[in-house]
Amino acid sequence: MCGRYALYGPRSHSRAEIDYFSSLKQFPGSWHVAPGQSLPVTRLRDGAVEQVTARWGLVPFFAKDEKTGYKCINARAETLATSPAFREPYRNKRRCLVPACGFYEWMKHPFGKRPYYITTADDSLLAFAGLWDRWKKPDGETLTTFTIITTEPNERTAPLHNRMPLILDPSDYRTWLEADDPRDLLKPCPAEMLRCFPVSSRVNSVKNDAPDLIAPARDSARSLFG
């Protein structure tokens, strides 16, 4: 799954970042994003790229309670077209790009779980494949929410967890947003695209949010992940 990630601004001046994530400069940034927070995502509106803020944890349009969103922070790539919560957003092109600088995962050790930070090998921005939906509150206000799609792990992340976020190549951004059925994109990204290393156990608490959370732990040189 993907339950925590970091987003602290643009990473480069690439064309993809300029075209799809230019508004990130307005986001205050967080080194410890958690479900329930309102975050920037990119979607299409009338064929044009639009960057909006949505709450992490998709609330389906038919939900009776917005707390449903906490059960829908992730969507499995294998069941997007059949899951009651996700098939309508997927089929009706309510798809989005979720920008991230990296994400966290925990690996089991004899002494407990140890957190790792996974980011791009070249320090560029990541884009998770996502879905968004609207839900009308009892008072009539509309709530926009999103979920992050997960898939099988690649060789880099498999030692950490049996799922990973679906990370898109910049050349596939437009296809994900506007294709009728972009099922060919529902696969893990190449392992060489990523690097990962152990980080401080301070990331175990959502109350902590600071740049030092993504700093390599002191013994990270012994990491098998590079």
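A charge sits over a ring if NZ of Lys or CZ of Arg is within 6 Å of the ring centre and within 35 degrees of the ring normal. The structure is a predicted model, in which local features need pLDDT of at least 70 and side-chain atom pairs count only at pLDDT 80 or more, while totals for chains, interfaces and linings use all residues. Residues are numbered from 1 along each chain as its sequence is written, and side-chain values use heavy atoms, with hydrogens and water left out.

**View 1. Charged ends over tryptophan rings.** The charged end of Arg 43 sits over the ring of Trp 132, 4.3 Å from the ring centre. The charged end of Arg 95 sits over the ring of Trp 176, and here the separation from the centre is 5.7 Å.

View 2. Arg 95 belongs to strand β6 (helices, H or I, of at least four residues and strands, E, of at least two are DSSP runs, numbered from the N terminus). Arg 95 is buried (buried means under 20% relative accessible area, exposed over 50%, partly exposed in between, with a 1.4 Å probe and protein chains only). Arg 95 has no salt bridge (a side-chain nitrogen of Lys or Arg within 4 Å of a carboxyl oxygen of Asp or Glu). The nearest side chain of opposite charge is Asp 181, 6.0 Å away (Lys and Arg count as positive and Asp and Glu as negative; His and the chain ends are not counted). A polar atom of the Arg 95 side chain lies 2.6 Å from the backbone oxygen of Ala 179, and the side chain also reaches the backbone oxygen of Asp 180 at 3.1 Å.

**View 3. Arg 4 before the strand β1.** Arg 4 is in the segment before β1 (5-7). Arg 4 is buried and has no salt bridge; Glu 105, the nearest side chain of opposite charge, is 9.7 Å away. The side chain of Arg 4 reaches the backbone oxygen of Val 203 at 3.4 Å.

**View 4. Strand β9 and its neighbours.** Nine of the eleven residues of strand β9 (residues 126-136) are buried, so the strand is largely enclosed by the rest of the structure. Strand β6 (residues 95-100) runs antiparallel to β9 and is joined to it by six bridges (two strands pair if DSSP finds at least two bridges between them). Leu 131 in β9 is the bridge partner of Arg 95. Seven bridges join β9 to strand β10 (residues 142-151), again antiparallel. Asp 133 stands opposite Thr 145 in β10. β9 and β10 form a hairpin with five residues between them, and Gly 140 in the turn has a positive phi of about 95°.

**View 5. Aromatic rings around Tyr 117.** The structure holds 13 aromatic pairs (rings of Phe, Tyr and Trp, the last by its six-membered ring, pair if their centres lie within 6.5 Å; planes under 30 degrees apart count as stacked, over 60 as edge-to-face and the rest as tilted). Tyr 104 and Tyr 117 form a tilted pair, 5.2 Å centre to centre with 50° between the planes. Tyr 104 lies in strand β7 (residues 102-109) and Tyr 117 in strand β8 (residues 112-120), so the pair ties together parts that are 13 residues apart in sequence. Tyr 104 is buried at a relative accessible area of 1%, and Tyr 117 is buried at 2%. Tyr 117 and Phe 197 form an edge-to-face pair, 6.0 Å centre to centre with 65° between the planes. Phe 197 lies in strand β12 (residues 194-198), 80 residues apart from Tyr 117.

Technical notes. Polar contact = N/O pair within 3.5 Å; in protein donor to acceptor, adjacent residues only side chain to side chain.
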